[in-house]
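Please look over the sequence and the model before reading on. The text below goes from the whole chain to particular side chains and then to a pocket.

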Amino acid sequence: MSVEVASDVVEAACLPRLIRLAPNLVGAAFDVMKMLPAAHMVDEAIREGRIGPGTTVIDTTSGTFGLGLAMVCALRGLRLHLVSDPAVEGFLAQRLMDLGAELTVVREPAADGGFQAARLAVVEQLCARYPDHFVPSQYGNVNNPLAYAAVAEQIAQVVGDVAYLVGPVGSGGSMCGTARALRSVFPSLRAVGVDTHHSRLFGQQDGPRLLRGLGNSLLPSNLDHTVFDEVHWVDASPAYAATRALHRQHALYMGPTSGAAYLVAKHLARRREGTVVTLLPDAGHRYEATVYDNTWLAGVCPDLRLDDRLPTDPEMVTAVPMRGEGWQAMAWERRSLHDVLADQDGKS
């Protein structure tokens, strides 16, 4: 039996491990999911001549996209300047700098758009400072969703017919890209997006969010609402409980966005026919002092139960829950955001 050796960590880690979590539930577990689009965007820019020997790569991040981009740039020998906010400080910030990235941390959110808008303003300033620059721009770069064709191909070849694809939504890249590619093989595939309350992605108003790694204060152009058949909004408490349950039940040490996706996917696998595949975006090492620390959890979610009695079903709603909490879901039916909001305004 021949064994292929990966050329570097990017090649080795871009695709997920596919793990059966129940007879009709498969988890696609990534170490750093954002490494896949980071590599695809950077390599396409090199191929097209937009990145040369003196180019500085500049972008904004609050977590794993920056880590993926830093890993890719380190291996490609590229200069990288990242703009983030206090969420990146500590171990992750040290890891980014160890990989050679220069890091600017924005301390105050913008009045409209929060930290993401404030970070984007600093990116514009850096672009003026470095005339020879490239901004991957995960929110609007079409090579972000296109990168996930490789994941769809892997799922189709290994799992076979897939009825439901579940995953967290932030930039829109992973879910839109994977779902579109899978539908070219399985046209009846249903895509289920997992957001959190106080995120603008599916019509709620922006606000403080304890659950990070999904949701958004801005509307990314890579988010195609017409891809989605169903949307779930999951708060921090059930997501954290599901993250710990995923570790306890399946020895999968993942982050809280994976926990939120697992909660929703487990519900679908129990209630619906066909195979469910869920995207589990990143490993849990970044969250050792938070989600995996019982003292921290007791401080932020005092009513949280760390046992196997997870909520089994969401509250089903017929309109975007503008002041929602807990775990709520609605049928989206592949409509645009405009059509969904106009429809519920017409019924009010």
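Among contacts in the protein chain between residues at least 6 apart in sequence, what percentage join residues at least 24 apart? The answer for this predicted model is 68%.

The protein chain is built from twelve helices and twelve strands. Its radius of gyration is 19 Å, close to the 20 Å that the globule rule gives for 348 residues, so the chain is as compact as a globular protein of that length. Taken along the principal axes, the box filled by the C-alpha atoms is roughly 60 × 55 × 45 Å. Of the 348 residues, 55% count as buried.

Salt bridges come next. A search of the whole structure gives 18 of them, and a few are followed here in detail. One of these links Arg271 to Asp313, with the closest N and O atoms 2.5 Å apart. This pair ties together distant parts of the chain: Arg271 belongs to helix H10 (residues 256-271), whereas Asp313 sits in the loop between helix H11 (294-300) and strand E11 (315-316), and the two are 42 residues apart. Arg271 has a relative accessible area of 51%; the cut-off for exposed is over 50%, so Arg271 counts as exposed. Asp313, with a relative accessible area of 31%, is partly exposed.

Arg47 is exposed, its relative accessible area being 58%.

Arg305 is partly exposed, with a relative accessible area of 48%. Asp307 has 18% relative accessibility, and because buried means under 20%, Asp307 counts as buried. Elsewhere, salt bridges that share partners join Glu44, Arg47, Glu48 and Arg50 into one network.

Two members of that network, Glu44 and Arg50, are also touched by Asn143. Asn143 is found in helix H6 (residues 143-146) and counts as buried, because its relative accessibility is 10% and the cut-off is under 20%. Leaving aside residues up to four places away in sequence, Asn143 touches His40, Met41, Glu44 and Arg50.

The last stop is a pocket. Rolling a probe the size of a water molecule over the atoms shows where empty space is left. The second largest pocket has a volume of about 240 Å³. How many residues line the second largest pocket, and which lie nearest its centre? The lining has 16 residues, and those nearest the centre are Asp31, Val32, Leu67, Arg95 and Ala283. Helix H1 (9-13), helix H3 (64-76) and helix H4 (91-98) are the elements that give two or more residues to this lining. By residue class, the lining of the second largest pocket divides into nine nonpolar, three polar and four charged residues.

Key:
Residues are numbered from 1 along each chain as its sequence is written. This is a predicted model: local features need pLDDT of at least 70, side-chain atom pairs count only at pLDDT 80 or more; totals for chains, interfaces and linings use all residues. Side-chain values use heavy atoms; hydrogens and water are left out. A salt bridge is a side-chain nitrogen of Lys or Arg within 4 Å of a carboxyl oxygen of Asp or Glu. Buried means under 20% relative accessible area, exposed over 50%, partly exposed in between (1.4 Å probe, protein chains only). Helices (H or I, at least four residues) and strands (E, at least two) are DSSP runs, numbered from the N terminus. On a 1 Å grid over the protein atoms alone, a cavity is a set of points where a 1.4 Å probe fits but cannot get out, and a pocket is an open set with protein on both sides within 12 Å along at least five of seven lines; lining residues have an atom within 4 Å of a point. Grid points are joined across faces, edges and corners, and a volume is the space filled by probe spheres set on the points. Ala, Val, Leu, Ile, Met, Phe, Trp, Tyr, Cys and Pro count as nonpolar, Asp, Glu, Lys and Arg as charged, and the others, Gly among them, as polar. The radius of gyration is taken over C-alpha atoms; the globule rule is 2.2 Å times the number of residues to the power 0.38. Contact means heavy atoms within 4.5 Å.
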